[in-house]
Every structure is written in structure tokens, then in C-alpha cells.
Amino acid sequence: MQAVLSANLKLACLRVSPTAILNGFRAAANSLYRLSVNPDCVSAFNDLKLKAGRGGPKYIIYKISDDQKEIVVDEIGSETDYDTFREKLISKKESSGKDRPSYAIYDVEFELEGGEGKRSKIAFITYINQDATGVKSRMVYASSRETLKNALNGIAMNWQANDPGELEWADLLKEASKGKGTV
């Protein structure tokens, strides 16, 4: 009896393509890390978007809740100094002491060269320090990124940073202004 079951199992495995098996693993991983977006995330984003460049919030930092069930607002700031925001973003820690990945919204303001006026673009930033973050955290944050991004309407640009050096103002400004902006 056991030989028949073993033979049937081998035949069943041979009929399933490796791609189907891989897709099954991906679907399981996606459903495992599918998080909800707390309504405060969208409210804070809409507040920033409506008041962009007019004294409202300058940035929002988001995190995954401690119970790993939803994305929540971690911090809202109105400081206009980019380096202050950058330091806050890269200094976030998990309870284990390792760097904590984060998502952020930042209102990038710049002047166009040639006196063409002041502009503002809302940037969605994903910061996952590849060298100082645990594997599980990297996976959860990377797989949940689109969930938050899709909940926030009006994002003008996306920025992925895998280490602190990829969060430099000059690079963000160049991307936001397509190389035509100044501070």
C-alpha cells in the first residue's frame, strides 16, 4: 500500500511544473505578509498633500505595527531640514537592536533653474538597510510596500534606499527635478 502511495505522489509531483510550485510559494508568502493600512496613514498623507509647501507636515514615517498586522504612522514632522528627516529615518531600531526598515513620504521642494519657479513633488521612500536589518523584516517590508503605496493617491515619485548613503539630498533632488532643480 505504501509503495502505491509513494508512486502516486511521485507521479503527482512530476505533473506539476516547477513554475507552478514557485508560484504557489509566492502566493503563500504574499498572503502571509499581506497587511492592512491603518486609516490614519491615508489621513496623514492627505493632510501633507493638501498643505504641501504651505507650512503643513513635511514628512511622514510609516512602520509595520508590532503585531505585524497593519501599516501605521510612526512619526509626522514639519522640520524643513532634510538631514533631520534623514537621521530620523535611518535611526529607527527594532526591539532586537537591528535597524528597522521604514516607509516614508517626503515633500521635496525645489526651485527650477533659470527662475522658472518653485516646485514640489511628493516622494514615497522605502528604506531597508540591507546590511543591518534582519531577513524577516526585509521580506515583510519589501512585500508590503505596494500595499501602502496603492493606498496613497498622489505620489509623484518613488525612491528605494538600501543603505544610508542612498538617502542623500542631492540624489533625491536630482530625481525629483529631473536634474533641473536647485535648493
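**Notebook: aromatic pairs in a predicted chain**

I began with burial: buried residues make up 37% of the chain's 183 residues, where buried means under 20% relative accessible area, exposed over 50% and partly exposed in between (1.4 Å probe, protein chains only). I note that this is a predicted model, where local features need pLDDT of at least 70, side-chain atom pairs count only at pLDDT 80 or more, and totals for chains, interfaces and linings use all residues. Residues are numbered from 1 along each chain as its sequence is written, and side-chain values use heavy atoms, with hydrogens and water left out.

Next I looked up the fold. I found 6 helices and 7 strands, taken as DSSP runs numbered from the N terminus (helices H or I, at least four residues; strands E, at least two). Their order along the sequence is α-α-β-α-β-β-α-β-β-α-β-α-β.

Then I turned to the rings. Rings of Phe, Tyr and Trp (its six-membered ring) pair if their centres lie within 6.5 Å; planes under 30 degrees apart are stacked, over 60 edge-to-face, and the rest tilted. I get 8 aromatic pairs by this rule. Tyr-59 and Phe-85 make a tilted pair, because their centres are 5.0 Å apart and their planes stand at 50°. Tyr-59 sits in strand β2 (residues 59-64) and Phe-85 in helix α4 (residues 82-90), so this pair ties together parts 26 residues apart in sequence. Tyr-59 is buried at 0% relative accessibility, and Phe-85 is buried at 0% too.

I also checked Tyr-82 and Trp-169, a tilted pair with 5.1 Å between centres and 45° between planes. Tyr-82 in helix α4 and Trp-169 in helix α6 (residues 169-177) are 87 residues apart. Tyr-82 is buried, at 6%.

My last entry: Tyr-59, Tyr-82, Phe-85, Tyr-106 and Trp-169 form one aromatic cluster.
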